[in-house]
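Reader: I would like to go through this structure in short steps. Please define each term once as we go.

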Amino acid sequence: MNFVNSMAFTAITFVAFTALVALISWWKTRGDNLDTQDGYYLGGRSLTGPVIAGSLLLTNLSAEQLVGLNGQSWKTNMGPIAWEVGSMFTLLVLAYYFVLMPKYLKTGLTTVPQFFEQRYDEGTRRLVSIIVLLSYVVIMLPNILYAGAQVFVNIFGIDEIFGISRFAAIAIVCVATAIVGS
């Protein structure tokens with residue numbers, strides 16, 4: 001087996017690419033004030049259209065789409081892909097609505113719950129925040145962690161390296177990823 005097809009090469013490229021992303025992120029944000037909502041969520045309101053569009057697109061992608069959706073499409077048909085392609089039109093309509101609506105831009109809002117607070121009251125903002133967080137934690141996060149753990153276990157052979165069952169390896173990677181992500 002040559003080096004390019006080895007586990008060492010896979011691990012080195014994974015760590016190097018992750019470090020490169022961290023280095024570029026640090027370099028690009030080293031002078032920004034990330035203590036405020038505008039600085040943290042909106043890059044100090046200095047981001048250009050392509051950066052915002054890319055952020056919107058990439059925020060929507062996770063292990064759930066990259067692993068689960070592709071796997072389901074391969075196993076069945078291209079139907080699951082239609083869901084993601086269809087969401088593109090909704091995202092475009094929403095983006096144009098918010099960009100072309102001066103009333104929204106003048107408010108200086110950075111999050112959807114802030115919009116609900118301004119429109120209704122603080123109780124509605126809290127309710128929306130709780131519903132969104134609980135939905136994400138209970139519905140989305142387990143799928144994302146499981147799909148990501150499947151990838152790590154398959155690529156790095158964690159179950160074979162440590163001599164544990166596949167289920168135990170996936171559970172350990174899920175917990176480790178959740179801890180690191182937290």
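Reader: Is the crossing of α8 and α10 left-handed or right-handed?

Author: This is a predicted model, in which local features need pLDDT of at least 70, side-chain atom pairs count only at pLDDT 80 or more, and totals for chains, interfaces and linings use all residues. Residues are numbered from 1 along each chain as its sequence is written, and side-chain values use heavy atoms, with hydrogens and water left out. A crossing is left-handed if the near helix is turned anticlockwise from the far one by less than a right angle, and right-handed if clockwise. The crossing of α8 and α10 is right-handed.

Reader: Which residues of α10 make the contact with α8?

Author: Contact means heavy atoms within 4.5 Å. On the α8 side it is made by Leu145, Tyr146, Ala149, Gln150, Phe152, Val153 and Asn154. On the α10 side the residues are Arg166, Ala169, Ile170, Val173, Cys174, Thr177 and Ala178.

Reader: How many nonpolar residues does the contact of α8 with α10 have?

Author: Ala, Val, Leu, Ile, Met, Phe, Trp, Tyr, Cys and Pro count as nonpolar, Asp, Glu, Lys and Arg as charged, and the others, Gly among them, as polar. The contact of α8 with α10 has three polar residues and one charged. Its nonpolar residues number 10.

Reader: At what angle do the axes of α8 and α10 cross?

Author: Helices (H or I, at least four residues) and strands (E, at least two) are DSSP runs, numbered from the N terminus. Axes are lines fitted to C-alpha atoms, for helices over the stretch in contact, and angles run from 0 to 180 degrees between N-to-C directions. Helix α8 covers residues 122-156 and helix α10 residues 166-181, and their axes come within 8 Å. They cross at roughly 120°.

Reader: What is the orientation of α1 to α8?

Author: Angles under 35 degrees count as roughly parallel, over 145 as roughly antiparallel, 65 to 115 as roughly perpendicular and the rest as oblique. The axes of α1 and α8 lie 10 Å apart, at an angle of about 140°. That makes the orientation of α1 to α8 oblique.

Reader: Which residues of α8 make the contact with α1?

Author: From α1 come Met7, Thr10, Ala11 and Phe14. The contact of α1 with α8 has six nonpolar residues, one polar and no charged. From α8 come Phe152, Ile155 and Phe156.

Reader: How many aromatic pairs does a search of the whole structure find?

Author: Rings of Phe, Tyr and Trp (its six-membered ring) pair if their centres lie within 6.5 Å; planes under 30 degrees apart count as stacked, over 60 as edge-to-face and the rest as tilted. The search of the whole structure finds six.

Reader: What kind of pair do phenylalanine 14 and phenylalanine 152 form?

Author: Their ring centres are 5.4 Å apart. Their planes stand at 85°. So the pair is edge-to-face.

Reader: Is tyrosine 120 buried or exposed?

Author: Buried means under 20% relative accessible area, exposed over 50%, partly exposed in between (1.4 Å probe, protein chains only). Tyrosine 120 has 52% relative accessibility. Tyrosine 120 therefore counts as exposed.

Reader: Which residues does methionine 140 touch, not counting residues up to four places away in sequence?

Author: Methionine 140 is in helix α8. Methionine 140 and glutamate 64 are 76 residues apart in sequence and 8.4 Å apart in space, C-alpha to C-alpha. With residues up to four places away left out, methionine 140 touches Glu64 and Ser135.
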